[in-house]
Amino acid sequence: MTIEEHIKTTSLKPSQRLSINLAYTAQWSNDILLMALKPYDISLQQFNVLRILRGQKGKPANLSTLNDRMVTKASNTTRLVDKLLKKELVNRSTCPSNRRKIEITITEAGLSLLNELDKVVTQAENKITTQLDNNEIEQLNNLLNKLRTETKN
């Protein structure tokens, strides 16, 4: 089904169609991922924070680092970290060399949960891309990267 059929319109310029299609498809994709994460009581943003921390390979990250690397920018990264703390998936401590800096690390429980979620999220990602072959996936990735490339005027 085309985007025009979904939103019940026929008079979209190509740039309008693309803009609406990107937003619609992003939400559709997020909905599939959310359904996969729902049984684990974890949001997409919390999952993203855990993956960022795992990527730190044991080195702590601060709130600014987490916010910069988030796929979906969170308005309140502190709140996200607080929720992960309550679930005992991350640790928070004060930086020994700069007491104003807060450092966040992933716990063993967080790593364990991520290992379990990796399988679930991979299945969801496969569901999202099932209609595309590997060449089409690469082509779409390249086009999306190109779309976000800023022009220099």
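Predicted model: local features only at pLDDT ≥ 70, side-chain atom pairs only at ≥ 80, totals over all residues.

**Entry 1: one exposed serine**

I started with Ser97, which counts as exposed because its relative accessibility is 69%, and the cut-off for exposed is over 50%. I then looked up where Ser97 sits, and found it in the loop between S1 and strand S2 (102-106). I also checked Ser97 against Gln16: they are 81 residues apart in sequence, and their C-alpha atoms are 51 Å apart in space.

**Entry 2: the overall layout**

Next I wanted the big picture. I counted 7 helices and 2 strands in the protein. Reading from the N terminus, I get the order α-α-α-α-α-β-β-α-α. I looked up the radius of gyration too: it is 19 Å, well over the 15 Å from the globule rule for 153 residues, so the protein is more spread out than a compact globule. The box that the C-alpha atoms fill, taken along the principal axes, is roughly 60 × 45 × 30 Å.

**Entry 3: inside and outside**

How much of the protein is buried? I find that buried residues make up 27% of the 153 residues. For the accessible surface I noted about 11,000 Å², with 50% of that belonging to carbon and sulfur atoms. I looked at contacts as well: among those with a separation of 6 or more, 50% are between residues 24 or more positions apart.

**Entry 4: charges**

Side chains of opposite charge can pair when their charged atoms come close.

**Entry 5: Asp41 and Lys87**

The side chains of Asp41 and Lys87 meet in a salt bridge at 3.9 Å, N to O. This pair links distant parts of the chain, 46 residues apart: Asp41 is in the loop between helix H2 (14-37) and helix H3 (44-55), and Lys87 is in the loop between helix H5 (77-86) and strand S1 (90-94). Are the two partners buried or exposed? I have Asp41 down as exposed at 57% relative accessibility, and Lys87 as partly exposed at 30%.

**Entry 6: Arg54 and Asp118**

For Arg54 and Asp118 I noted a salt bridge of 2.8 Å, N to O, between the side chains. Arg54 lies in helix H3 and Asp118 in helix H6 (residues 108-128), so this pair ties together parts that are 64 residues apart in sequence. I looked up the cover on each: Arg54 is partly exposed at 27% relative accessibility, and Asp118 is partly exposed with a relative accessible area of 25%.

**Entry 7: Asp82 and Arg92**

I marked Asp82 as partly exposed, with a relative accessible area of 26%. Arg92 also goes down as partly exposed, at 40% relative accessibility.

Methods: Residues numbered from 1 in each chain as written. Heavy atoms only, no water. Helix = DSSP H or I, 4+ residues; strand = E, 2+ residues; numbered from the N terminus. Rg over C-alpha atoms; globule rule 2.2 N^0.38 Å. Buried < 20%, exposed > 50% of the residue type's maximum accessible area, 1.4 Å probe, protein only. Contact = heavy atoms within 4.5 Å. Areas by Shrake-Rupley, 256 points an atom, 1.4 Å probe, with all protein chains shown as cover. Salt bridge = Lys/Arg side-chain N within 4 Å of Asp/Glu carboxyl O.
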